[in-house]
Amino acid sequence: MMHDTGDDPPRPPAADASGDAPVEDHRNIDPNDFAREVELRPLTLDDFDALVALQRACFPDLEPWERDEVESQLRTWPESQLGVFVDGRLVASAAHLIVDYGDYSRWSDYLEMSDQGYIRNHDPDGDTLYGIEIQVHPDCRGMRLARRLYNARKELCRTHNLARIVIGGRMPGYAAHQHELSAREYVEEVMARNLYDPVLTSQLANGFQLQQLVPDYMPSDEDSAGWATCLEWPNLDYIPAKSRRTRRAVQPVRTSLVQWQMRRIQRFEDFEQQARFFVDTAADYESDFVLFPELFTLQLLSLVEAGRSGQAARRLAEFTPRYLELFTHLAVRFNINIIGGSQFTLEGDDLYNIAYLFRRDGSIETQKKIHVTPSEAKWWGIQGGDDVRAFDTDCGRIGVLICYDVEFPELVRVLADDGVGLLFVPYNTSDRYGHQRVRTCAQARCIENHMFAVTSGCVGNLPFVENADTHYARSAVLTPSDLAFARDGIAIEAESDVETVLAHDLDLEALRRHRRTGTVQNWNDRRTDLYRVRWNGRSPREI
């Protein structure tokens, strides 16, 4: 088994490696030009040659799958092989089957458990997912692809209502220590984090529990000195009576927010380093999302000379290609969905304030700011957008409203009607009054629509930058106000004027229950016989 080693993946060339601002045309930018495609899907027989090539790259000393073995696997269970493709290239895969726990006593017998590679022992009515292998191409280690595959296995386990995942893992770091440590001592050192093993460390980090050590697991595996481990991941959602249909008790989503310190910088790489640090930190928390503030990119104005503020805003838009390239890379590299605050973007001669969603699969979505404040119109010449969208992600449907937009309840009604339960609100306010308007309205939207809201703002100062010289924020994760949620409807909150990153788990299943059985049921109790929201944007309707 191979594992993410932390190396950087290949990156697209920088928009301009010679200076702080790009020289390419920054008008009419198509975000798809900067997107990368990361796809996780079941393999088919058409992928056989790519699978063999991947195995040879990962395990050069081991024989790869034979074609008749893979044919048997896919014929027996089409979900038995999963693959991760980056820009169309197979770079990671996982093989597994379902068995009944009571039918086996020798979990350590790799050949027996995999039926010599044919998995004809796959049991659709079994209760255990047995992992045969996971492999990641050496060129793509560091992209957390193994974590994606482990998470996919866990989702298979939940979907098929299986009690556990059992895997036998190599110990490729043991050979270097076998003369001074026994296998048990080596494993204990790895578990204590005193030693790093390319496979076992990853398995433990992904929630697997060590059950036993296995000698002579694969005698030809010299790196492991023939030893292996047997590990188990318990499915806490498992329901023994499969005929009983219930919902998951908990549907957790981990969110992070960044409270960004404004400061003058000397070069674009200073901004990049700061952004990368926060994304890396959120990824270490294993967050599903990380939110940045509205127009935190304003500090890039330190790098340009511009006269009046309207000209400065258009100069800031010149950095949009590099901004898109950077955050697309970070989302894929750190396996996290990033709401990249917002950035000025030109479409023709019109200037917009646009929030970008960078999914961890490499795709990008946009949400324009709908309502432009008087100062934004006066100083920067910003145009307002004309649509609000709900975005599907691997953790449910989300919405993004930039700052002032959250002060208009009609927009959130539209998002709630589209099934949004998690609202991200990047904002940028100069004083406590502006912050309080955003904060109060965001919390009201949580109560009115039974949703969570994550807010993220900037702190600090940018001297001599008109309309953006001072900043005040107290970023937070907000909830409905009811017994099932945090007191005061505040799940977590940053201190004012302090740069920080926070993380918190949110239970989307609790929202569903709350809308149906909460102390008050605002959504269900609307008097649509007296009033409605008429939406004239995408999918016109009355709500």
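The text below covers ring pairs, charges over rings, and then helix packing.

The model is predicted: local features need pLDDT of at least 70 and side-chain atom pairs pLDDT 80 or more, while totals for chains, interfaces and linings use all residues. Residues are numbered from 1 along each chain, and side-chain values use heavy atoms, without hydrogens and water.

The whole structure holds 22 aromatic pairs (Phe, Tyr or six-membered Trp ring centres within 6.5 Å; planes under 30 degrees apart are stacked, over 60 edge-to-face, the rest tilted). Phe296 lies in the loop between strand S9 (289–291) and helix H8 (309–317) and Phe327 in helix H9 (residues 320–333), so the pair ties together parts 31 residues apart in sequence (helices, H or I of at least four residues, and strands, E of at least two, are DSSP runs numbered from the N terminus). Both Phe296 and Phe327 are buried (under 20% relative accessible area, 1.4 Å probe, protein chains only).

Two charged ends sit over rings (Lys NZ or Arg CZ within 6 Å of the ring centre and within 35 degrees of the ring normal):

| Charged residue | Ring | Distance to ring centre |
|---|---|---|
| Arg333 | Phe334 | 4.7 Å |
| Lys368 | Tyr352 | 4.0 Å |

Helix H7 (residues 268–284) packs against H9 at about 25 degrees, with axes 11 Å apart (lines fitted to C-alpha atoms over the stretch in contact; angles run from 0 to 180 degrees between N-to-C directions). That makes H7 roughly parallel to H9 (under 35 degrees). Contacting residues (heavy atoms within 4.5 Å) include Phe271 of H7 and Phe327 of H9.

Methods: Buried < 20%, exposed > 50% of the residue type's maximum accessible area, 1.4 Å probe, protein only. Parallel < 35°, antiparallel > 145°, perpendicular 65-115°, else oblique.
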